[in-house]
Amino acid sequence: MTEIIDGNAVAQEVRDGLGDAIDTLADDGTTPTLATVLMSDDPASETYVSMKQDDCEEVGIEARDVEIDPDAPAEELFDTIDELNADPDVNGILVQMPVPDHVDDREVLRRIDPLKDVDGFHPENVGRLVAGNARYKPCTPHGIQKLLADAGVETEGADAVVVGRSDIVGKPMANLLLQKAEGGNATVTVCHSRTEDLAARTRAADIVIAAAGVPEMIDGEMLGEGATVIDVGINRVDADTEKGYELVGDVEYESAKEVAGAITPVPGGVGPMTRAMLLWNTVKAASLQTETDVRL
Ligand code: NDP
């Protein structure tokens with residue numbers, strides 16, 4: 001029987017597990033606080049930010065909502081980040097990407113205080129992750145690590161194939177699987193758009209992480225019997241639904257399910273974990289900044 005990995009259930013466990021830490025911080029007079037900064041009028045970005053704020057409120061994290069006119073000069077965003085960096089009540093800062101074209105997104109990432117960088121994208125935090133001394137693991141790969149652990153999938157000695165090499169998913173995922181640490185010790189292959197014979201590589205893998213952003217590109221024929229399949233993709237495809245579209249992953253679920261030993265659905269797999277790990281990182285940020293020991 002193929003195990004369907006339930007991201008909603010594991011995300012709920014993560015959120016429940018934060019309760020004690022948040023109580024301990026409260027005893028010390030700290031309410032973990034996340035500032036979300038939105039410089040966009042893209043409806044999808046607006047939705048992502050409001051979901052993150054709702055998630056915060058649900059677990060007792062304070063959400064600060066900062067909105068900047070997308071036509072404002074880049075300096076306005078940088079000044080805002082500087083103010084949030086200097087504000088002792090703000091523990092985590094998240095600038096919703098993408099920012100408008102006239103804003104240098106690398107400078108945005110560099111500008112955030114690395115101690116408040118709960119996305120884990122600041123160069124200092126990327127370097128720490130690569131060096132095996134992560135401060136904040138980026139939310140999506142961190143969530144996937146938790147999903148694998150919860151499903152009892154052994155990464156040590158496993159052949160893992162990561163399809164995608166983005167800075168936010170593919171690269172940090174490959175790094176985490178490679179670390180000489182729990183949830184790591186895999187033999188990792190990273191594939192991308194120039195990889196030749198992708199199918200041969202995914203078919204030979206014990207663990208496939210699909211993060212290419214190409215609807216249903218990995219089907220059952222590209223998988224080995226019993227493989228663990230983690231589908232990161234969230235793709236809108238035209239469909240005869242009320243909204244006119246439906247969400248599909250990078251994996252062709254029906255055929256993959258027949259071959260896989262365990263698989264994440266879309267939606268309800270990786271997505272909820274990404275959201276939960278942002279809360280986790282924010283609580284960790286509050287504990288680091290206030291030097292309060294909490295169990296995470
Ligand atoms: P990017 O577009 O930044 O990166 C995609 C990567 O996939 C690139 O490295 C690209 O290669 C590679 N790729 C593209 N086409 C192919 C192909 N045909 N064969 C092999 N590799 C290919 O995407 P992200 O990493 O930001 O996101 C990936 C997907 O995950 C998207 O669907 C996104 O919506 C989703 N996502 C989901 C999250 C969640 O919480 N569930 C969180 C973040 C993202 P190259 O480098 O050569 O261009």
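**The nonpolar core and its surroundings**

Author: The largest nonpolar core has 83 residues, and Val-162, Val-208, Ile-209 and Ala-210 are those with the most contacts inside it. The model is a predicted one. Helix H10, residues 270–290, gives this core its largest share, 10 residues. Domain 1 (29–131 + 274–289) and domain 2 (139–271) both contribute residues, so the core lies between them.

Leaving aside residues up to four places away in sequence, Val-162 touches Gly-170, Met-173, Ala-174, Val-188, Val-190, Cys-191, Ile-209 and Ala-211. One of these partners, Ile-209, is itself listed among the core residues with the most contacts.

Next come the two domains. The protein chain is divided into domain 1, which is made of the segments 29–131 and 274–289, and domain 2, which covers 139–271. Their C-alpha centres lie 26 Å apart. Where the domains touch, 10 residues come from domain 1 and 10 residues from domain 2. On the side of domain 1 that touches domain 2, helix H5 (123–130) and H10 each supply at least two residues. H10 has the largest share of that side, with six residues. By class, the residues on that side of domain 1 are six nonpolar, two polar and two charged.

A shell of 26 residues surrounds the ligand, and the closest are Gly-164, Ser-166, Ser-193, Gly-213 and Thr-274. H10 gives the most to this shell, with three residues. The shell divides into 12 nonpolar, 12 polar and two charged residues. H10 therefore has the largest share of the core, and the core lies between the two domains because both give residues to it.

One further element can be described within the bounds of domain 2, which are 139–271. Strand E9 (residues 235–238) and strand E10 (residues 245–248) run antiparallel and are joined by four bridges. Arg-236 has Leu-247 in E10 as its bridge partner. The two strands form a hairpin with six residues between them, and in the turn Gly-244 has a positive phi of about 85°.

Notes:
Residues are numbered from 1 along each chain as its sequence is written. This is a predicted model: local features need pLDDT of at least 70, side-chain atom pairs count only at pLDDT 80 or more; totals for chains, interfaces and linings use all residues. Two strands pair if DSSP finds at least two bridges between them. A nonpolar core is a set of buried Ala, Val, Leu, Ile, Met, Phe, Trp, Tyr and Cys residues joined through C-beta atoms within 7 Å. A residue is buried if 20 or more other C-beta atoms lie within 10 Å of its own, exposed if 12 or fewer, and partly exposed in between; C-beta atoms are placed from the backbone. Domain bounds come from an automatic or database domain assignment. Two residues are in contact if their C-beta atoms, placed from the backbone, lie within 7 Å. Ala, Val, Leu, Ile, Met, Phe, Trp, Tyr, Cys and Pro count as nonpolar, Asp, Glu, Lys and Arg as charged, and the others, Gly among them, as polar. A residue is near a molecule or strand if its C-beta atom, placed from the backbone, lies within 6 Å of it.
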